[in-house]
Structure formats: C-alpha cells, structure tokens
Amino acid sequence: FDHNLYDLPDSQRPDCHRLKEHSYRSVYGRLNWNLPAPTITCGFDTMGRGRFVHPGQRRTLTPHEAARLQFIPDFHSFSHVSDKKTMLVELIGNAVPPKLTYVLSLEVLR
C-alpha cells in the first residue's frame, strides 16, 4: 500500500511461494479500483488464494463485498446460512452471478 503496488514482490511472499518457480502473480495481489475484479472463488477470504486484498484497505474482501462483485443484490439475505463463515464464503464463491445466468438463459431460449 505504501508503494502503490498491486502484486506482492516475491521477496515478501511466504517460502512456500517465494522459493519455487511460479507464474501466478495474482496470489497475494490487491484489487485495483480501475480494473475488472477477478473471478470470485471460495478463497476470497484468504490472501494466498488469489487477488482478494481490498483495493484501499489492508484486509481481504468481506463476504458482503464479494457478493457485490458476484452481482448478488444488497437486499439478498444470507440469514439461511448458519453462523459459520466457511459456509457463507463457499456459498458466495460457488455462486453463478445472476447477470451471467440471465445472459445464458437468453442464449438457451434463442
């Protein structure tokens, strides 16, 4: 954040990622306000599983923010999900965005 970086330099990554050859720059990456967000997966609550660091704050995305990126409307209630954060993260990460469902449905009906 202090140096306006969006990809964590290899020198600052944990040994498990730093000490071996890799091509996944997005792991430990920060979202950029001016670029499209990556695909939201069940790993959005962990820095080591993709580009899921908030663009302006030193933390990963919240379930509410990830749901917004999936185009799940704010009025949608997740009250049917138990208290376990893991279940909520899986529900959001495995969701098919409603806009994608709509477009695919139109193609099927065509």
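Q: Which residues does Leu69 touch, not counting residues up to four places away in sequence?
A: A note first: this is a predicted model. Leu69 touches Ala37, Ile40 and Leu61, with residues up to four places away in sequence left out.

Q: In which helix is Leu69 found?
A: Leu69 is found in helix 2, which covers residues 63-69.

Q: Why does Leu69 count as partly exposed?
A: Compare the relative accessibility with the cut-offs. Partly exposed lies between the buried limit of 20% and the exposed limit of 50%. Leu69 has 32% relative accessibility, so Leu69 counts as partly exposed.

Q: Now the whole chain. How many helices and strands does the protein chain have?
A: The protein chain has 4 helices and 0 strands. Read from the N terminus, the order of elements is α-α-α-α.

Q: What box do the C-alpha atoms of the protein chain fill?
A: Along the principal axes, the box is roughly 50 × 35 × 25 Å.

Q: What share of the residues of the protein chain count as buried?
A: The protein chain has 110 residues, and 27% of them count as buried. Its accessible surface comes to about 7,800 Å². Carbon and sulfur atoms account for 57% of that surface.

Q: What share of the contacts in the protein chain with a separation of 6 or more comes from residues 24 or more positions apart?
A: Such residues account for 38% of those contacts.

Q: Which residues make the nonpolar surface patch of about 260 Å²?
A: Val96, Leu100 and Leu104 make this patch. To join a patch, a residue needs over 30% relative accessible area. Leu100 has 41% relative accessibility and therefore counts as partly exposed. Leu100 has its place in helix 4, residues 98-109.

Q: Next, charges. How many positive and negative side chains does the protein chain have?
A: There are 14 positive and 11 negative side chains. The centres of the two sets lie 2 Å apart.

Q: How many salt bridges are counted?
A: Start with the general idea. Side chains of opposite charge can pair when their charged atoms come close. The cut-off here is 4 Å between a side-chain nitrogen of Lys or Arg and a carboxyl oxygen of Asp or Glu. By this rule the count is 5 salt bridges.

Q: What is the N to O distance between Arg59 and Glu65?
A: The distance is 2.8 Å, and the two side chains meet in a salt bridge. Arg59 is partly exposed, with a relative accessible area of 25%. Glu65 is also partly exposed, at 21%.

Q: With which residue does Asp74 form a salt bridge?
A: Asp74 forms a salt bridge with Arg68. The closest N and O atoms are 2.6 Å apart. Asp74 is partly exposed at 46% relative accessibility. Arg68 is partly exposed at 48%.

Q: Is Arg110 exposed or buried?
A: Arg110 has a relative accessible area of 76%, so Arg110 is exposed. Arg110 forms a salt bridge with Glu107, and the closest N and O atoms are 3.6 Å apart. Glu107 counts as partly exposed, at 45% relative accessibility.

Conventions. Residues numbered from 1 in each chain as written. Predicted model: local features only at pLDDT ≥ 70, side-chain atom pairs only at ≥ 80, totals over all residues. Heavy atoms only, no water. Helix = DSSP H or I, 4+ residues; strand = E, 2+ residues; numbered from the N terminus. Buried < 20%, exposed > 50% of the residue type's maximum accessible area, 1.4 Å probe, protein only. Contact = heavy atoms within 4.5 Å. Areas by Shrake-Rupley, 256 points an atom, 1.4 Å probe, with all protein chains shown as cover. Lys, Arg positive; Asp, Glu negative; His and termini not counted. Charge placed at Lys NZ, Arg CZ, Asp CG, Glu CD. Patch = residues over 30% accessible without salt bridge, like charges linked within 9 Å, V, L, I, M, F, W, Y side chains within 5 Å.
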